[in-house]
Amino acid sequence: MGGESKWRKMKLALGLNTCLYLPKTTDDDESVNSRAHAPPRVSDVRRLMPTTPTPSSSGLQLSKYGVKSSNKQMCAICLTAMKPTDGHAIFTAECSHAFHFHCIASNVKHGNRVCPICRAKWKEVPLESSGSSRVKSSTNPGSFMILPGMPHHQTRPNRSASLLFQAPEPPIFDDDELVNQKVEVSGDSDSIGGVEMKTYPEISAVARSTSFDNFGILINLKAPVTKGHQNARAPLDLVTVLDISGSMTGTKIALLKQAMGFVVQNLGPLDRLSVIAFSSSARRLFPLRRMTETGKQESLQIINSLVANGGTNIAEALKKAVKVMTERKYKNPVSSMILLSDGQDTYTSISPRKAGSKTDYQTLLPSSMQSKKDVTHIPVHTFGFGMDHDASAMHSISEHSGGMFSFIEAENVIQDAFAQCIGGLLSVVVQELRVEVECVHPMLRLGSIKAGSYKVGMDENGRSGFIEVGDLYAEEERDFLVAMDLPVEETGDEMSLVKFRVIHKDPIKKTVVTVGGNEDVTISRPESTLGKQVVSIEVDRQRNRLRAANAIAEAQVAAERGDLAAATSVLDDCRKKLSESVSASRGDRLCIGLVAELREMKERMASRRVYESSGRAYVLSGLSSHSWQRATARGDSTEMTSQIQSYQTQSMVDMVNLSQTMCFSRSPSTSMVVNPSPKNKKSLRSIYSFPPPQPR
């Protein structure tokens with residue numbers, strides 16, 4: 001009993017949304033009942049059932065250890081068939097999940113009053129009566145108990161779900177829950193501090209009599225680390241926009257519910273969540289509510305009630321999500337939206353994709369987001385689920401809003417993909433970051449500022465410029481390359497080139513922080529330089545990254561016009577140049593990862609069929625990652641992908657590790673790979689304060 005209770009507490013501490021199942025043996029029913037509460041053996045942990053255990057209609061890749069479907073209704077505790085005629089009573093809970101009465105009654109007897117599948121808190125729980133639990137009818141299984149403080153509802157679950165989608169919405173979404181206006185920061189130990197800034201000239205010395213065209217200067221920014229305290233990060237307003245069209249039926253919607261359960265369980269009491277579901281139309285099912293224990297429970301009940309049917313109306317869903325954000329009464333410091341879809345918008349007029357033409361996806365965006373002066377400034381992180389989603393549309397939505405596009409190729413990686421995303425969102429430590437650069441030497445002019453998708457600008461004379469960066473996650477880095485032409489310098493042994501200044505907001509203290517602005521980036525200007533100058537590996541590394549990103553973009557354009565031969569040729573040429581670079585000769589990990597990534601993209605352009613099914617989504621997700629210098633989930637994970645996760649932060653890694661700790665049904669071959677650097681091998685137990693497992 002002691003070991004069983006401790007194991008149950010550990011599962012609850014982990015926030016598991018599914019049960020662990022043990023195989024049935026030839027023992028009698030009492031043996032099966034007692035085994036249902038025992039800790040799982042390693043050989044048995046793969047036997048999980050989804051919330052909706054029906055076959056997938058998606059044709060997606062499934063792990064050989066993945067979710068198994070059956071036409072029979074199974075008891076999720078003893079894993080045997082449930083038949084009203086077999087003498088065992090059947091208990092159907094208000095969340096719609098069914099179990100053998102004697103199995104679930106034993107669960108309740110041991111103090112467990114939540115659904116073992118979806119973790120919904122029951123108002124009515126079954127109790128074993130003094131008589132036998134073997135009855136002829138499934139409609140009168142035994143006695144029930146109403147939990148204290150809970151209203152007694154007789155409404156059946158399917159009817160509740162139907163009423164949920166028919167309930168009228170308020171005309172204005174100003175019914176959001178009050179945020180915590182007074183977030184206390186506990187002392188200097190939780191102080192976040194400013195961004196760390198480093199600069200690197202391409203080479204350290206240029207002879208006075210020599211000019212140098214396109215001289216590179218790198219600025220590296222690194223956000224501070226959080227201190228692990230709840231108040232050491234900014235609270236989040238998150239709107240999740242979930243596709244529940246007919247193509248999501250079966251395993252996909254079950255895994256979506258599980259992934260959303262993980263998101264809910266990992267939000268804090270200061271964070272707020274809103275849920276929007278869409279198919280042929282879109283509805284706000286859950287207003288912005290704080291994720292207290294009550295808020296979590298209510299949101300989980302809403303999520304578990306989702307039913308897949310209808311078409312796909314992405315435009316209407318985005319309009320609803322923006323309405324939630326723009327009409328809310330209160331605001332948390334961090335705001336974001338997550339959009340997941342497995343199909344193409346069937347209600348919005350979008351010109352068909354033609355060879356050589358560029359499809360305009362602006363019609364999918366609400367009018368407030370289409371204008372150049374987007375008043376929302378809220379990133380939409382999009383997730384393309386499976387092989388049939390519109391990768392170009394999802395990438396366009398994320399790119400326009402400043403979000404990331406992730407490609408979920410294998411069904412059961414969805415929770416890992418969500419985990420990586422919220423691992424970042426729950427660690428924002430820098431906001432409204434702006435980089436300013438100014439030429440110091442009177443003869444210098446800025447030639448270019450390479451910043452990917454970030455907004456850049458220069459004055460008319462080219463003497464100064466800026467980069468609008470926005471938010472940074474804890475320990476997240478950004479690298480920007482400034483180029484200029486160096487003239488001949490006849491006087492002086494040293495030349496001052498530029499100076500950088502970084503300005504950002506501390507979201508916790510709500511103060512403005514300024515870093516730099518006083519120190520010049522300088523190089524030596526001797527009369528002559530002996531031998532070949534050593535190129536900075538930091539500058540060369542970023543040149544390789546930019547070169548690879550440009551090659552990927554060029555190859556994608558060629559592939560879209562139907563010229564896969566030209567696309568693969570571009571990738572091959574770039575791989576060759578990267579292999580011959582200074583970084584490659586020094587075994588630079590980023591360079592090795594870029595070469596592997598380009599090779600993978602070439603394989604996904606092997607034929608038109610392969611490109612249409614997965615290549616386009618994989619390439620666009622890679623472009624999203626490199627243009628914003630932020631991690632995305634890309635396709636089915638392989639050993640190769642571990643080499644290209646250079647943008648993952650420790651917070652992302654920790655959250656993905658936690659997700660994988662909680663998902664025992666997954667094959668190792670379909671788990672999302674995290675950055676395997678030594679610092680990422682910290683014990684989850686020490687990070688999340690989980691109690692150690694007790695011996696049986």
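**Exercise 1. Find where L497 sits, and list what it touches.**

Step 1: L497 belongs to strand β18, where strands (E, at least two residues) and helices (H or I, at least four) are DSSP runs numbered from the N terminus.

Before going on, a word on the ground rules. You're looking at a predicted model, where local features need pLDDT of at least 70, side-chain atom pairs count only at pLDDT 80 or more, and totals for chains, interfaces and linings use all residues. Residues are numbered from 1 along each chain as its sequence is written, and side-chain values use heavy atoms, with hydrogens and water left out.

Step 2: L497 has a relative accessible area of 0%, so it is buried. Buried means under 20% relative accessible area, exposed over 50%, and partly exposed in between (1.4 Å probe, protein chains only).

Step 3: Now look for its contacts (heavy atoms within 4.5 Å). Not counting residues up to four places away in sequence, L497 touches F215, I217, E438, C439, V440, H441, L444, L486, V521 and I523.

Step 4: T522 is 25 residues from L497 in sequence, and their C-alpha atoms are 5.6 Å apart in space.

**Exercise 2. Describe the surroundings of G423.**

Step 1: Go to helix α10, which is where G423 is placed.

Step 2: Its relative accessible area is 4%, so G423 is buried.

Step 3: Leaving aside neighbours within four places in sequence, G423 is in contact with S651, M652 and M655.

Step 4: A474 is 51 residues from G423 in sequence, and 9.8 Å from it in space, C-alpha to C-alpha.

**Exercise 3. Work out what lines the second largest cavity.**

Step 1: A cavity is a set of points, on a 1 Å grid over the protein atoms alone, where a 1.4 Å probe fits but cannot get out; lining residues have an atom within 4 Å of a point.

**Exercise 4. Which residue with a positive phi lies in a strand, and which in a loop?**

Step 1: E432 has a positive phi of about 55° although it isn't a glycine, and strand β13 (residues 428-439) is its place.

Step 2: K510 also has a positive phi of about 55° without being a glycine. K510 is in the loop between β18 (494-506) and β19 (511-524).

Step 3: E432 counts as exposed because its relative accessibility is 55%, and K510 counts as exposed at 60%.

**Exercise 5. How many disulfides are there?**

Step 1: The rule asks for a pair of cysteine sulfur atoms within 2.5 Å.

Step 2: The count comes to zero disulfides. Take C574: the closest cysteine sulfur, in C591, is 9.2 Å from its own, too far for a bond.

Step 3: C574 is buried, with a relative accessible area of 4%, and C591 is buried at 2%.

Notes
On a 1 Å grid over the protein atoms alone, a cavity is a set of points where a 1.4 Å probe fits but cannot get out, and a pocket is an open set with protein on both sides within 12 Å along at least five of seven lines; lining residues have an atom within 4 Å of a point.
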